[in-house]
Amino acid sequence: MSEIAEKVKAIIIDKLGVEESEVTPEASFTNDLGADSLDTVELIMEFEKEFNVSIPDDQAENIATVGQAVSYLEEHAK
Amino acid sequence: MELKRVVVTGLGALTPIGNTVAEYWNGLSNGVSGAAPTTRFDAGKFKTQFACEVKGYVPENYFDRKEARKMDLFSQFAMVVADEAVKDANLVEGTYSPDRVGVIWGSGIGGLRTFQEECVNFAHGDGTPRFNPFFIPKMIVDISAGHISIKYGFRGPNFSTVSACASATNALIDSFNYIRLGMADVIVSGGSEAAVTEAGIGGFNALKALSERNDSPETASRPFDKDRDGFVLGEGAGALILEEYEHAKKRGAKIYAEIIGGGMSADAYHITAPHPEGLGALNVMQNVLRDANIKPEEVDYINVHGTSTPLGDVSEVKAIQTVFGEHAYKLNISSTKSMTGHLLGAAGAIEAIASILAIQHQEVPPTINHFTDDESFDPGLNFTFNKSQKREVKVALSNTFGFGGHNTSVLFRQLND
């Protein structure tokens, strides 16, 4: 697993209070990990802070799973 | 329209002198002080370096971590006491209609720590707004009422009252009114506050409102003592289940007491100073007696606002003497803030509970920390100094007054039929 993927996983475990085993690439924040709309906004903000990127709202809408977050950040992280 | 009777069927308390109702009464009855050096932040540079904090509170004992993170401490406190009260009242599903159960909750300030932290973070940044999406729903003062309703599915009237240190009493009065008007069967009422933060202590210090007796925190809250020098900031919460009498009887609920009156008034004088002659305090006590339709002579115990400030204590006692006349010498007066400190918007909740427990135990909790008489006070009055007193308590009055000149009083009576 990439360093970025490790960090993403750690943020999700911390913010959503879920078990490590639940955080699979396919896991959806809202359907599988119990996030509501506010939790999702908070996750995106944490990603922005951790990886020093700015994720525009229209792109944030496409980040719904753990895997999608990792690939977006691998592409855009500075 | 005939007004319905309203009784108290459940209690919950999280206070600087006890984390349950039983522990709270134990502290009250034994005259325990809740004051100690501040642990919630480094108060080294503050004029006041102590407070009445809740002891041994661990959020994880009550919430999962994710849930706790989304609630300011004042909401966590609210949830803890609401749970104790709902269980105490044995409000089990099927014995009530969820649409007829409300939550009316008081807090003077709301999520002060959340507000402080988010603003500090922003100020330390480069101007880019990175406010947490939970900032507003953690901070707003009404959110505790929302959280309580969500947890239990109570879908009746739901809001918060804000009148500084009178907030929780306003919540009780509103709850009483809605139930006696037939607009709800049960209301979870009370209040919570968690303002022991840099902004809270610093702000009240700037007002010269707090005691600065750093060499002896446990004796700092000394209402009616000659050397009182301000209030001691407290934190915590209290919950009361108010219920329509027939509804309570029908489901076989235990009844602590009946709430028989609510009174409100304004000083219309100054934002923080009390009216020097206690005009607002006088009016509010007359209003509550009129609302309950009882005579002053029927009151056995007054749990006073008595915050331990030089001016406030004097004007409240003047008002008591005017309202109660000769009977003022026969009733017991005490300020339980001498033990708990001042819980601001939650004060009315825990003091209503103290008044109800005084009726239940037939014992008046003391005004501790009395060392030196103050000639401002009539020596014939019984302030229940230093030790609790056993006596007949059928009717208890609880006063709370808030910055802005808001005055509130409620009357509780032993159920006698």
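This is a predicted model: local features need pLDDT of at least 70, side-chain atom pairs count only at pLDDT 80 or more; totals for chains, interfaces and linings use all residues.
Next, select the elements on the domain 1 side. Strand 1 (6–14), helix 1 (21–29), helix 7 (167–180), strand 6 (186–193) and strand 7 (236–244) of chain B each supply at least two residues of the side that touches domain 2. Helices (H or I, at least four residues) and strands (E, at least two) are DSSP runs, numbered from the N terminus. Helix 7 of chain B gives the most to this side, with 8 residues.

Then display K226(B) and E375(B), which form a salt bridge with their closest N and O atoms 3.2 Å apart. The rule, a side-chain nitrogen of Lys or Arg within 4 Å of a carboxyl oxygen of Asp or Glu, finds 4 salt bridges across the interface of domain 1 and domain 2 of chain B.

Finally, colour chain B by domain: 7–250 is domain 1 and 264–408 is domain 2, with bounds from an automatic or database domain assignment. Their C-alpha centres lie 21 Å apart. In contact (heavy atoms within 4.5 Å) are 65 residues of domain 1 and 59 residues of domain 2 of chain B.

Residues are numbered from 1 along each chain as its sequence is written, and chains are lettered from A and ligands numbered from 1 in the order in which they are written. Local features need pLDDT of at least 70, side-chain atom pairs count only at pLDDT 80 or more, and totals for chains, interfaces and linings use all residues, while side-chain values use heavy atoms, with hydrogens and water left out.
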